[in-house]
Amino acid sequence: MTESLYWNPVLESLSRADLKKLQLAKFKRQLHRMYEQSAFYREKLDQAGVHPDQIQTLADIRRIPVTTKEELQQLQSNSENFPYGPCLAVPTDRVATYHQTSGTTGKPIRQADSREDWEWWIECWATFLWAQGFRPNDRVFIPFSYGVFVAFWAGHYACEKIGCEVVAGGGLSTQDRLLKLQELEATAVLCTPTYGLHMAEVAEDMGLKLADFNVNKMVCAGEPGASIPATKNRLENYWGAKVFDHAGATEGGAWGFGCLKEPSDLHINEAFFLVEILDPDTGEPVDSGEEGELIITPLDRQAQPYLRFTLKDMALFSDEPCECGRTFARLKGGVLGRRDDLTKVRGVLFSPTSVEAVVRAVDQLGDEFQVVVEKKGVLDEITLKAELKENIQITPELETHLLQELRLTSGLRFNLELVPLGTLPRFEVKAKRFQDLRTHA
Ligand SMILES: [Zn+2]
């Protein structure tokens, strides 16, 4: 471990005890601010019979009810502080940027950030980009139009803050992006895992070999793919680069990152976030080595703050020291899956993301797939549609292997449709690979 690997050596190597003291002090300050300045949070705390002065320990925090996405969706239909609703904790003239969630699980949440919040976003991203080896001599290519989504804007400015040179690759076709990437000899890429795979596919069509490009690191945000080992392996092989996952949410902020020493785990940025990892049944914190649900409170966010927001993500908590020297706790193997995504198929609890690990581990299959659940008579039918790579023929062995793997992972008997490469839809930002047609029957 060398000193130069640190962005902020003071905050990132505090003892666990000092880190907890810092979190408690920041939490109290934040709770007072929310109580005094946001009508929504004041009412929430009053209803729970909790006053900010009563919070003396980290354990006291669990007396405060959690905040859900559904509550915020409801709240933002309120005309107060249009278009954000009474969760806003600054006057509307302090709002400097608008973003929104992708709305994959219902109505998008509108997100207000002040100028100070924007600095905070950039600082959070810069912390982990530095931990992943981004340095001033990097030229970073971001192959997107970022639009109303916050992640890549924050990533863009964080790269600038570190001193990297940033190329905004929006407004180009995938082919042109690849040529630009090659021409400029970019050393790093920020993108969604889905688009990273798509670029590799297009490069192959163009007769280009991404592994021969100069890109040596890639940060994937927006989707959980880079923490699924089979997907990460594919990306690393195509790109000949180290691939890091990034954990963040428009509502929570950029809270988790893989480091150079343990790139498959996620460090929680505990200097800026209180992330509770709770047993979903008891609501109590899990011990190191146990799995729990993530509840997040950004400790410094001002315009539209969040109080114990449920991310609906599950993760395996570890407070063992990391070789990189950071004392921030880790989630072993990254985020393990969203509780949101779980649905019942034929009475069995099914996670659509589990299929991704199966598909990406089979060499004969391309990168895109779809899972469709529909009702045939009284029974649920589940079908995997996947693409065969070029010059690969369907064989009974391949079909049997896939069906067995799917059965092992999900406990379900799948139907299989193997289609030619390029048949299924392609995505740039958020892939929609799961279709539940039962609700529209
Ligand atoms: Zn580390």
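**Before starting**

I'm working with a predicted model here. I kept one idea in mind: side chains of opposite charge can pair when their charged atoms come close.

**Entry: salt bridges overall**

I searched the whole structure for salt bridges and got 27. I picked a few to look up one by one.

**Entry: Lys 217 and Asp 138**

What is the distance between the closest N and O atoms of Lys 217 and Asp 138? I found 3.0 Å, and the two residues form a salt bridge. Next I checked where they sit. Lys 217 belongs to strand β6 (residues 217-220), while Asp 138 is in the loop between α5 (115-131) and β3 (139-142), so this pair ties together parts that are 79 residues apart in sequence.

**Entry: Lys 180 and Glu 183**

Here I looked along a helix. Lys 180 makes a salt bridge with Glu 183, with 3.2 Å between the closest N and O atoms. Both are in helix α7 (residues 174-184), and because they are 3 residues apart there, about one helical turn separates them. I looked up how open each one is. Lys 180 has a relative accessible area of 30%, so I wrote it down as partly exposed. Glu 183 comes out at 52%, and since exposed means over 50%, Glu 183 is exposed.

**Entry: Lys 375 and Asp 380**

I found another salt bridge between the side chains of Lys 375 and Asp 380, at 3.0 Å from N to O. Lys 375 is partly exposed at 45% relative accessibility, whereas Asp 380 is buried with a relative accessible area of 7%. I then followed the shared partners: salt bridges link Lys 375, Asp 380, Asp 436 and Arg 438 into one network.

**Entry: the zinc ion**

Which residues coordinate the zinc ion? I noted Cys 259 (SG), His 267 (NE2), Cys 322 (SG) and Cys 324 (SG), at 2.1 to 2.3 Å. The angles among the 4 donor atoms run from 105 to 113°, and the site is tetrahedral. I jotted down the spacing of the donor residues in sequence as C-x7-H-x54-C-x1-C. Cys 259 has 1% relative accessibility, so it counts as buried. His 267 is buried too, with a relative accessibility of 1%.

Technical notes. Residues numbered from 1 in each chain as written. Predicted model: local features only at pLDDT ≥ 70, side-chain atom pairs only at ≥ 80, totals over all residues. Heavy atoms only, no water. Salt bridge = Lys/Arg side-chain N within 4 Å of Asp/Glu carboxyl O. Helix = DSSP H or I, 4+ residues; strand = E, 2+ residues; numbered from the N terminus. Buried < 20%, exposed > 50% of the residue type's maximum accessible area, 1.4 Å probe, protein only. Donors = N, O, S within 2.8 Å, 3.2 Å for Na, K, Ca; no water. Tetrahedral: all angles 85-135°; square planar, octahedral: opposite > 155°, others 65-115°.
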